[in-house]
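Subject: Structure handover and findings

Hello,

Here is the structure I promised you. Please open it and keep it on screen while you read the notes.

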Amino acid sequence: MLPESTANLIAAGEVVERPASVVKELVENSLDAGASSVEVALEAGGRGLIMVADDGEGMDREDLLLSIERHATSKLSSPDDLEAVRTLGFRGEALPAIASVSLLRITTSQLAASHGWRLEARAGLPAEVEEVAARPGTVVEVRSLFLNTPARRKFLRSSQRETALALEVLTSIALAHPRCGFTFSADGRKTLSVPPCATRKERVVRLLGPEPALMNSIYEGEGIRVESFATGAGDSRSDRLAQAFLVNGRPVRDRMLAHAVSHVYGPVLPPGRHPVAVLYVDIPPEAVDVNMHPSKNEVRFRRPGDVHHSVVEALRGALGQPAESPSASDRLAAPGTHVGTGWFPRALPLEPPHAGPRFSIAEILTPSEPDADLHDVPIVLGHYRQSFILAADIEGLLLVDQHAAHERVLFEELLGGAPRGATLVQPLLSPVPVELGAAQRALLDLYGEGLAGMGFEVEPFGHDAAVVRALPVLFTGCDPGRLLRDVLSDLARERDVVDDPGEPGRFPGETTTERMRRRFAASAACQAAIKINHALTEEKMAWLLRSLASCRVPTTCPHGRPAILRLAHGAIERAFLRS
Ligand code: ADP
Ligand code: MG
């Protein structure tokens, strides 16, 4: 038998990964307690303090003491209840786990009570309770998170980063619970505030902004109701940050749901672009298993095919597309089987006429080594499908991805090895207002200074908008609003930039500012680079190859995808049995 304290630490390992997970558990408790307004505050990215205050039903003394006991919950009473969970929590694990790795204080009072109670627990030691004056509701304060688990503490990122992650969690919970009001502040500064909303639509617009225009559609069938808010074919983002799946009020990650979105949008959006899509899936609780993982952000549907179908139909409705015929949906590829890049037609063997070594395209056409140089400037031979430049150099044939290549060129120009402040800045003739929505507006508070340091001058405006005053010169001609929205969602997502060979993500000794500079440069470059399926003149192709040849790492885009595929001359000769 493990001692109680060890069991709690183990549970904490699963449930309390970082400040954002504490925020998630505490806010879910507030919602389960019927709160109509929840206030979240972080200090030092949650290392100093995580505070969640609600106006819910509160606890009496006995429940307060029980709340930090392992497997104590007020939300289940029989095993059958587990088959149809209607609350967000049910495992009775979160508070004891949090208590075991922090200094925890809970102050609570019930509506009718004349006074309240305060409990204090210190990293797993027995708790103390005293009587206090308190307003109805519950305030949970978590200090010195991971004080007794240094390994966990070491994995925490910068305060800014932890704050952004917590904000992301709160944003998705706020999407799921429109009737509850939420505020979020970091180090005393209020960055997000949404009032209780009467409808989901109102909440979505408040959080994600009226721009890009979201289309609303509802599909009902097979006991499933899907309400979707999604952008049309004209608006998209470079990442999936703005996709939220809310299943019975629970934000979840789910590959099947993500697949349903790309199934509908894949054919209408350019590669690498994703819609803004918020999907509310309401389904009888017994048709979905929420007890898959301690952190409860994955679910399992009893009938995934029906859910997939309903989501596809809802999104088609939003896009104004005709419904899919049943036979077509039967033929649907299973999630994850899409061939990602389309570079290598998979079964295309080159069969030499004689018995001898067999070659396949995939074997001989290889991405260039990341640390390989372009020795000379390749000569342009042609343009393939308006996407790839066919070229030759002394070593053989090359295929160059025009988007990845241009991304690389812009990225290095933007970083430029230039000292801070040397970026050329182009003030806009008239400042451009950009509608952001409360969620991205909150990110601007976190990242605005960093952006300004890179020549992207943006000022917050009102509650959910911003004004762009200047752009780095390289981006004149870009739509500033689109650029800003993309860059903010990229920064929040922290898609790791693999700029240098052999060093994914983070460089040793790199400061947060440098790291952010790199990430900004990568997402801005991606946004501004020549797209796939875009006609290029021969001069433009030659220019692109010249610029690429002078790059430090010409062979990959800043995210590490290949920019050049090579067919070595020796391999060509061998394949034709000429050597
Ligand atoms: P669970 O949410 O799975 O029940 P927790 O450890 O998160 O487990 O919480 C334990 C219990 O403490 C809950 O079941 C609930 O009774 C009580 N509780 C926790 N937070 C609050 C709150 N903000 N308001 C009222 N009761 C709460
Ligand atoms: Mg809970």
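One caution before the details. This is a predicted model.

**Ligand 1**

Start with the ligand. Which residues are closest to ligand 1? They are N29, T73, S74, K75 and G92, out of 19 residues that surround it.

Next, look at its oxygen atoms. One oxygen atom of ligand 1 sits 2.6 Å from an N or O atom in the side chain of K75. The backbone takes part too. A backbone N or O atom of F90 is 2.9 Å from an oxygen atom of the ligand. A polar backbone atom of L95 is also found 2.9 Å from a ligand oxygen. How much of ligand 1 does the protein bury? Taken alone, ligand 1 exposes 530 Å², and the protein buries 94% of that.

**The second largest pocket**

Now turn to the second largest pocket. Its volume is about 650 Å³. The lining has 32 residues. N29, M59, S74, K75 and L95 are the ones nearest the centre. N29, S74 and K75 are among the residues closest to ligand 1, and L95 has a backbone atom 2.9 Å from a ligand oxygen.

Which helices and strands build the lining? At least two residues each come from α2 (19-32), β2 (49-54), α3 (61-67), α4 (94-100) and β6 (137-143). Helix α2 gives the largest share, five residues.

What kinds of residue line this pocket? By class, there are 13 nonpolar, 10 polar and nine charged residues.

Stay with α3 for a moment, where L65 is found. L65 and W117 are 52 residues apart along the chain. Their C-alpha atoms are separated by 9.9 Å.

**Positive phi angles**

Two backbone angles deserve a look. Most residues other than glycine have a negative phi. R385 has a phi near 50°, a positive value in a residue other than glycine. Where is R385? Find it in the loop between β19 (379-384) and β20 (388-393). Its relative accessibility is 62%, so R385 counts as exposed.

L577 also has a positive phi, near 55°. This residue is in the segment after α17 (569-575). L577 has a relative accessibility of 39%, so it counts as partly exposed.

Go to helix α12 (residues 402-415), where R408 lies. Is R408 buried or exposed? R408 is buried, because its relative accessible area is 0%. What does its side chain contact? One partner is the side chain of E412, in a polar contact of 2.9 Å. The backbone oxygen of T556 is also there, 2.8 Å from a polar atom of the R408 side chain.

D445 is in helix α13 (residues 438-453). Its relative accessible area is 18%. That is under 20%, so D445 counts as buried. The D445 side chain makes a polar contact with the side chain of R441, at 3.0 Å.

**Two residues in strands**

V281 lies in strand β13 (residues 277-282). V281 is buried, because its relative accessible area is 0%. How far is V281 from V311? They are 30 residues apart in sequence and 8.1 Å apart in space, C-alpha to C-alpha.

D289 is in strand β14 (residues 288-289). With a relative accessible area of 23%, D289 counts as partly exposed. D289 and F301 are 12 residues apart along the chain, and 6.3 Å separates their C-alpha atoms.

**Where to begin**

Find K75, with its side-chain N or O atom 2.6 Å from a ligand oxygen. Then go to R408 in α12 and trace its side chain to E412 and to the backbone oxygen of T556.

Best wishes

Technical notes
Residues are numbered from 1 along each chain as its sequence is written. Chains are lettered from A and ligands numbered from 1 in the order in which they are written. This is a predicted model: local features need pLDDT of at least 70, side-chain atom pairs count only at pLDDT 80 or more; totals for chains, interfaces and linings use all residues. Side-chain values use heavy atoms; hydrogens and water are left out. On a 1 Å grid over the protein atoms alone, a cavity is a set of points where a 1.4 Å probe fits but cannot get out, and a pocket is an open set with protein on both sides within 12 Å along at least five of seven lines; lining residues have an atom within 4 Å of a point. Grid points are joined across faces, edges and corners, and a volume is the space filled by probe spheres set on the points. Helices (H or I, at least four residues) and strands (E, at least two) are DSSP runs, numbered from the N terminus. Ala, Val, Leu, Ile, Met, Phe, Trp, Tyr, Cys and Pro count as nonpolar, Asp, Glu, Lys and Arg as charged, and the others, Gly among them, as polar. Buried means under 20% relative accessible area, exposed over 50%, partly exposed in between (1.4 Å probe, protein chains only). A residue is near a molecule or strand if one of its heavy atoms lies within 4 Å of it. A polar contact is a pair of N or O atoms within 3.5 Å; within protein, one must be able to donate a hydrogen and the other to accept it, and residues adjacent in sequence count only if both atoms are side-chain atoms. Accessible areas come from the Shrake-Rupley method with a 1.4 Å probe; for residues, only the protein chains shown count as cover.
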